Amino acid sequence: MNFLLRPDDAHKGMMGHSLLIAGKYGMAGAGILAAKACLRSGVGKVTVHIPRRNNDILQISVPEAIVSHDSDDFIVTDISVLKDEIIKGRYQSVAIGPGLGTDEKTASVLKSLLSDMQDGVNTPLVLDADALNILSQHIDFFPLLPKNTILTPHPMELRRMVSSYLGYTGDVDDKIASLLASKIDCHVILKGHRTAICHPDGRVSYNETGNSGMATAGSGDVLTGVLAGLLARGYAPDEACVLGTYLHGLAGDIAVKDIGRESLVASDIISYLPKAFLDSGCR
């Protein structure tokens, strides 16, 4: 795959703007990891929508990010402040879910976002973590998913979704993930050993990078940020799925050479993303 290289006269407004909706109080780290990974993936600007109590930690941890405050101190309950910008397509990607929580007020936010993006908004969308759990609890949200949305479940999240939406209660694997992808016309990235990337047209590819050291809290939040960043840079959803999982795993592979598998943490993956880009020929 050819990388989208920066022109010499580039400025941040040309490099895409990503919106992340993530991190209830007590889970701010998920939003921080996603935001840092998004920035390390080449995006020009990142806005993170969070509860007000998370302001200080996010501003200090990710000074490059723009912060949007929810009206609630503890959970995400309202994105009306962003509604016009979303509808007008001022973001080149939107990601929702890391550390989000599943409160019913938060579920209403997801429904509102999906409804807004149904109305002619072509902004690429990534759903992860609690956004997927909310989907599982609200079967009526599935028809609202925009075509080519990227869903990034681990096996338990996939199990919940297919049990709710398809009525399937058996073991989950790449075939079940592919079936769901075709049913909802979305991309489904089933995370795990040899992550399966299932496209809505029935294609399935397998990622060969990554290692067991990445089996640690926050790794999925990092992947969400990488995907959001690549989408905002202009990669098509199917390209972002393949390239994002590859770079995410490669960063982990490079990291273990220095750190080892036992001590790897999610923030290490972010730290080695630049080397993953370089080793892949993107300079």
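The model is a predicted one, in which local features need pLDDT of at least 70 and side-chain atom pairs count only at pLDDT 80 or more, while totals for chains, interfaces and linings use all residues. Residues are numbered from 1 along each chain as its sequence is written, and side-chain values use heavy atoms, with hydrogens and water left out.

Helices (H or I, at least four residues) and strands (E, at least two) are DSSP runs, numbered from the N terminus. Two packed helices are described by the angle between their axes and the distance between the axes. Here the axes are lines fitted to C-alpha atoms, for helices over the stretch in contact, and angles run from 0 to 180 degrees between N-to-C directions.

Helix α1 (residues 28-40) packs on helix α8 (residues 219-233) at an angle of about 40°, and their axes are 7 Å apart. The two are therefore oblique to each other; angles under 35 degrees count as roughly parallel, over 145 as roughly antiparallel, 65 to 115 as roughly perpendicular, and the rest as oblique. The crossing of α1 and α8 is right-handed, a crossing being left-handed if the near helix is turned anticlockwise from the far one by less than a right angle, and right-handed if clockwise. On the α1 side, Ala30, Leu33, Ala34, Ala37 and Cys38 meet Asp221, Val222, Gly225, Val226, Ala228 and Gly229 of α8, where contact means heavy atoms within 4.5 Å. By class, these residues divide into 8 nonpolar, 2 polar and 1 charged. In this scheme Ala, Val, Leu, Ile, Met, Phe, Trp, Tyr, Cys and Pro count as nonpolar, Asp, Glu, Lys and Arg as charged, and the others, Gly among them, as polar.

With helix α5 (residues 130-137), α6 forms an angle of about 20°, the axes being 8 Å apart. That makes α5 roughly parallel to α6, and their crossing is left-handed. Leu132, Asn133, Leu135 and Ser136 of α5 meet Glu157, Arg160, Met161 and Ser164 of α6. This contact has 3 nonpolar, 3 polar and 2 charged residues.

The axes of α6 and helix α7 (residues 174-184) come within 11 Å and cross at roughly 50°, so the pair is oblique. Here too α6 passes α7 in a left-handed crossing. Leu158, Met161, Val162 and Tyr165 of α6 meet Ile176, Ala177, Leu180, Lys183 and Ile184 of α7. The contact of α6 with α7 has 8 nonpolar, no polar and 1 charged residues.

Ile176, Ala177, Ser178, Leu180, Ala181 and Ile184 are buried in α7, buried meaning under 20% relative accessible area, exposed over 50%, and partly exposed in between (1.4 Å probe, protein chains only). These buried residues pack against β6 (150-151), α6, β7, β8 and β9 (204-206). After α7 comes aspartate 185, whose phi is positive, near 60°.

Most residues other than glycine have a negative phi, and most peptide bonds are trans. Alanine 129 has a positive phi near 50°; this residue is in the loop between β5 (125-127) and α5 and is buried, with a relative accessible area of 14%. Arginine 194 also has a positive phi, of about 55°. It is found in the loop between β7 (187-190) and β8 (196-198), and at 40% relative accessibility arginine 194 counts as partly exposed.

Two further residues complete the picture. Serine 18 sits in strand β1 (residues 17-21) and, at 0% relative accessibility, counts as buried. The side chain of serine 18 makes a polar contact with that of serine 93 (2.8 Å); a polar contact is a pair of N or O atoms within 3.5 Å, and within protein one must be able to donate a hydrogen and the other to accept it, while residues adjacent in sequence count only if both atoms are side-chain atoms. Threonine 123 lies in the loop between α4 (104-118) and β5 and is buried at 11% relative accessibility. A polar atom of the threonine 123 side chain lies 3.4 Å from the backbone oxygen of tyrosine 91.
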